[in-house]
Amino acid sequence: MAWRLLAGVLLLQLAASAAGQQQCLSATFQNGRTFLKCNPLPVLGASLHWTHHAENGTADVAFRAPQQSSGWVAWGINTRGTAMPGSSVFIASQDGSGAVSVLMTVLESTSPSLTNGSLSFDVLSPPAADYTNGVYTIFATIALPNNSTTQNTVWQAGPGSTGNVGQHATSGPNVQSMLRLDFSSGQSTGTASNSRLHRRNIHGILNAVSWGILIPMGAMIARYLRVFEAADPAWFYLHITCQLSGYILGVAGWALGLKLGSESKGITYSAHRNIGIAIFCLATLQVFALLLRPDKKNKYRFYWNIYHHSVGYSAIVLAAVNIFKGLDILKPASGWKRSYIAILATLAGVALLLEAITWAIVLRRKKSDKSSSPYGATNGNGRA
């Protein structure tokens with residue numbers, strides 16, 4: 001079952017990539033502008049749209065990125081290397097009246113002067129920008145440097161106020177916004193960040209499916225199906241299958257997260273990491289709980305139940321919190337967060353319904369047992 005779930009996770013990842021590409025292709029622009037190619041960029045929710053003109057080595061470009069109206073976004077090309085310093089960029093922002101303007105500047109260092117001027121490549125027409133529905137779009141027609149279709153592209157986003165460009169974050173996605181792109185084929189080459197993003201997505205999906213879906217489902221099976229006599233002992237094996245499958249996938253996702261963390265020097269998501277470690281420890285305790293499970297008639301079974309339930313429910317709550325923290329770090333399309341919220345709401349709704357049904361069954365069974373016993377003893381199948 002775990003291998004089938006892993007295959008499902010990989011299919012979800014492929015579907016996510018396809019959805020991102022489809023969203024990129026379906027974008028529309030003001031004044032009827034159209035572009036032949038587009039790439040959803042790995043970080044900051046950005047995308048790049050362009051039409052390459054091979055006959056003269058130019059490209060019509062549209063860069064899109066979500067941002068608050070007081071903030072700014074930027075896109076450009078670095079002819080000297082793959083880092084931000086040395087890049088020639090277009091920066092879009094708004095002034096106090098809400099008018100959007102574009103600044104052209106060369107980032108001479110990590111603390112650039114942001115002086116408006118010429119770039120290291122030709123700009124064939126004045127750049128333009130607009131701000132619609134929380135998204136900035138920068139339009140430009142450029143001559144590709146050295147008449148080469150493969151370029152080191154960079155992009156960025158940060159806060160600001162009344163036209164002032166503020167300092168962007170110096171960790172996380174803001175230091176990963178670089179990509180080597182072939183404007184002719186649309187392929188990205190030498191993209192360590194793209195590979196890293198792919199593994200981050202796999203990490204997120206593995207953990208969401210395991211800790212966020214399978215483990216809660218296993219807990220619900222144990223709590224509710226055991227009340228139905230016809231489900232015994234099938235409920236126990238379903239419970240174990242869900243929990244072990246979730247644990248295996250969860251450990252895989254956790255280990256991948258540790259690997260990603262070790263590769264991201266200077267980038268630490270302390271809360272996300274620490275909660276993840278806590279979840280792994282609690283889940284591992286649950287595995288040992290299975291091995292140490294006493295018989296139902298054992299006097300220690302009551303204390304084992306308290307331990308098993310408290311550790312299990314703690315892991316589930318922490319997992320939900322950490323999945324949302326992970327979504328905030330990854331910043332995927334908003335549909336992913338809404339989908340997980342819908343899954344949680346569905347699980348909660350089913351749990352509430354089953355809670356009412358099973359309590360009604362337990363109370364009815366106890367009442368029936370009392371009426372049939374001269375001593376009022378209860379031998380019904382209640383909750384553990």
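Author: Helix α4 (residues 270–291) and helix α5 (residues 301–330) have axes that come within 9 Å and cross at roughly 150°, where an axis is a line fitted to C-alpha atoms over the stretch in contact and the angle runs from 0 to 180 degrees between N-to-C directions. Because angles over 145 degrees count as roughly antiparallel, α4 is roughly antiparallel to α5. The crossing is left-handed, a term for a near helix turned anticlockwise from the far one by less than a right angle. By class, the contact of α4 with α5 has 15 nonpolar, eight polar and one charged residues, with Asp, Glu, Lys and Arg taken as charged, Ala, Val, Leu, Ile, Met, Phe, Trp, Tyr, Cys and Pro as nonpolar, and the others, Gly among them, as polar. Helices (H or I, at least four residues) and strands (E, at least two) are DSSP runs numbered from the N terminus.

This is a predicted model, in which local features need pLDDT of at least 70 and side-chain atom pairs count only at pLDDT 80 or more, while totals for chains, interfaces and linings use all residues. Residues are numbered from 1 along each chain as its sequence is written, and side-chain values use heavy atoms, with hydrogens and water left out.

Turning to the backbone, most residues other than glycine have a negative phi, and most peptide bonds are trans. The peptide bond from Asp232 to Pro233 is cis, with omega near 5°, and Pro233 is found in the loop between α2 (192–224) and α3 (234–263).

Among the strands, β5 (residues 88–94) contains Ser88, which counts as buried at 0% relative accessibility. A polar contact of 2.8 Å joins the side chains of Ser88 and Ser120, the term meaning a pair of N or O atoms within 3.5 Å of which, within protein, one must be able to donate a hydrogen and the other to accept it, residues adjacent in sequence counting only if both atoms are side-chain atoms. Leaving aside residues up to four places away in sequence, Ser88 touches Trp75, Gly76, Ile77, Thr105, Val106, Leu119, Ser120 and Phe121, contact meaning heavy atoms within 4.5 Å.

Key. Buried means under 20% relative accessible area, exposed over 50%, partly exposed in between (1.4 Å probe, protein chains only). Angles under 35 degrees count as roughly parallel, over 145 as roughly antiparallel, 65 to 115 as roughly perpendicular and the rest as oblique.
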